[in-house]
Amino acid sequence: YHNCINGCFTCFHTRFCSCPIYIFNFLKMKPINSIISNSILSIISIYIPLVSYCGFRHITTSHERQVIEDTRFIPENQNNIVNAINEGLIPMVAPSHSKIYALKSNIYPIGQYPYKNYIYCDEGYGLIRFKSDRFGLRNPDSNWNNTIKKDNIKVIGDSFAHGACVKDNFSIPRAIENSTKINTLNLAAGGNGPYEYMALLKTIVEPLNKKSDMNNWVILIFYDNDNIEPNRKAEKLLKRAKPIISLDPDGSVFPTDDYKSKITNILKVNFPSTKESILKAIKEKEIVKTSKLSDNSIYQIMTLFRLRRRIQNAWRSLFPSISERSIEMLSKVCNKDCTPIVSYIPNSSFWYPNEKSWIYKNEIKSSAFKYGVRFVDGEEVIDSDERKDYAPNGGHLSTSGYKKYSNLLSKEINETKKKAY
């Protein structure tokens with residue numbers, strides 16, 4: 001500490017920090033302006049190195065990520081997207097984005113517009129297109145017919161489970177269906193996370209299982225970016241969420257009229273829906289407006305965002321994570337009504353490097369064991385360091401990677417099927 005009165009430095013006893021008496025005596029001896037000056041110097045001397053650290057981490061991480069994104073850029077994509085929109089297709093809006101506007105509606109979005117033609121993504125296999133089903137999900141619509149009267153596999157997850165950037169026959173749900181010959185429902189969507197997983201369990205899976213006397217399996221697939229922080233708005237939405245299914249006499253499943261009208265209104269009011277507005281949004285890169293102050297680089301550096309996140313993660317580790325809660329809910333929802341399976345897909349060390357991803361995988365694995373749920377480790381067939389397991393121009397799985405992973409899950413289903421029959 002610097003004494004501004006006589007210019008000398010004041011040295012403290014080595015145990016100063018552990019003894020309040022020293023602090024009291026020091027404050028009693030020093031004039032108030034000296035105390036303020038010393039306090040300011042102390043704060044600055046601590047804050048500047050922390051800001052420098054956060055700035056360095058932010059710049060180096062952002063640079064690495066940008067280099068990766070640059071290698072994925074394909075100039076033709078923009079023209080392909082524009083051409084598809086001119087043909088009448090529309091871009092996807094993930095439930096994780098539409099839920100921002102759902103609080104007043106008291107629904108938890110699980111899909112998009114029903115019966116619409118969508119453009120998805122291109123990671124080396126061309127621009128993927130698909131038509132949504134009656135729930136706004138990626139299924140042959142007929143899979144919802146007579147659902148209650150037949151065995152079913154329900155797949156919950158994010159873009160990987162959804163079949164990101166590959167044709168439908170390569171997606172995990174369709175590959176499992178082809179292998180097991182069991183009706184398989186793709187309940188996944190890009191951008192989904194543990195809150196969406198719990199919403200799907202609460203609004204679709206649980207009410208379906210209660211109506212069915214057939215054999216049912218529920219596969220919950222996790223990925224590295226599912227390791228999220230608690231979110232108050234998502235908690236409110238989840239608490240208010242109610243079943244959104246209705247049944248007709250033959251056992252076919254439909255979304256309730258209330259859900260259909262509300263999700264349609266949310267999407268129409270808050271996102272571009274006409275050809276002209278979509279093309280304008282693409283030109284301005286504003287299909288989904290998610291920018292906020294907390295996303296600003298300078299804000300993150302000056303507020304020590306990365307350091308605070310590390311501290312928060314350490315604190316959060318003392319309590320059940322959102323991911324663990326979703327696994328616990330899966331266990332409770334299934335109970336005797338279905339066979340629950342939890343799985344993990346490893347991230348590419350090239351496209352999305354994270355040297356600590358194993359920590360999250362172990363959390364998922366231990367949570368599954370804790371609640372008596374089968375765990376299928378995707379690393380048995382997917383190698384993080386093997387480029388061929390991932391798409392040519394992106395971090396999702398390659399067609400061969402999807403095939404290997406789907407076969408792994410199908411093997412688990414077939415083993416449990418023998419016991420069920």
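How many of the 18 residues of H7 are buried? That was what I wanted to know when I opened this predicted model.

**Entry: helix H7**

I counted along H7 and found 14 of its 18 residues buried, so the helix is largely enclosed by the rest of the structure. I then looked up where H7 runs, and it covers residues 194-211. From first C-alpha to last it reaches 25 Å, close to the 26 Å expected at 1.5 Å a residue. I also checked its axis and noted a bend of about 40° at Leu201.

**Entry: Ser410**

Next I went to Ser410, which I found in helix H15, spanning residues 399-420. Is Ser410 buried or exposed? I read a relative accessible area of 1% for Ser410, and the cut-off for buried is under 20%, so this serine counts as buried. I then asked myself which residues Ser410 is in contact with, leaving aside its neighbours within four places in sequence. My list has Ala175, Ile176, Ser179 and Thr180.

**Entry: the sheet**

My last stop was a sheet of 3 strands. I wrote down the order as E1-E2-E3, and noted that the sheet is open and its pairing mixed. Which are the edge strands? They are E1 (90-91) and E3 (129-131), each of which pairs on one side only. I followed E2, residues 117-119, and saw that E2 and E3 pair in the antiparallel sense over 3 bridges.

Methods: Residues numbered from 1 in each chain as written. Predicted model: local features only at pLDDT ≥ 70, side-chain atom pairs only at ≥ 80, totals over all residues. Heavy atoms only, no water. Helix = DSSP H or I, 4+ residues; strand = E, 2+ residues; numbered from the N terminus. Expected span 1.5 Å × (residues − 1). Bend = angle between axes of the 7 residues up to and from the residue. Buried < 20%, exposed > 50% of the residue type's maximum accessible area, 1.4 Å probe, protein only. Contact = heavy atoms within 4.5 Å. Pairing = 2+ DSSP bridges.
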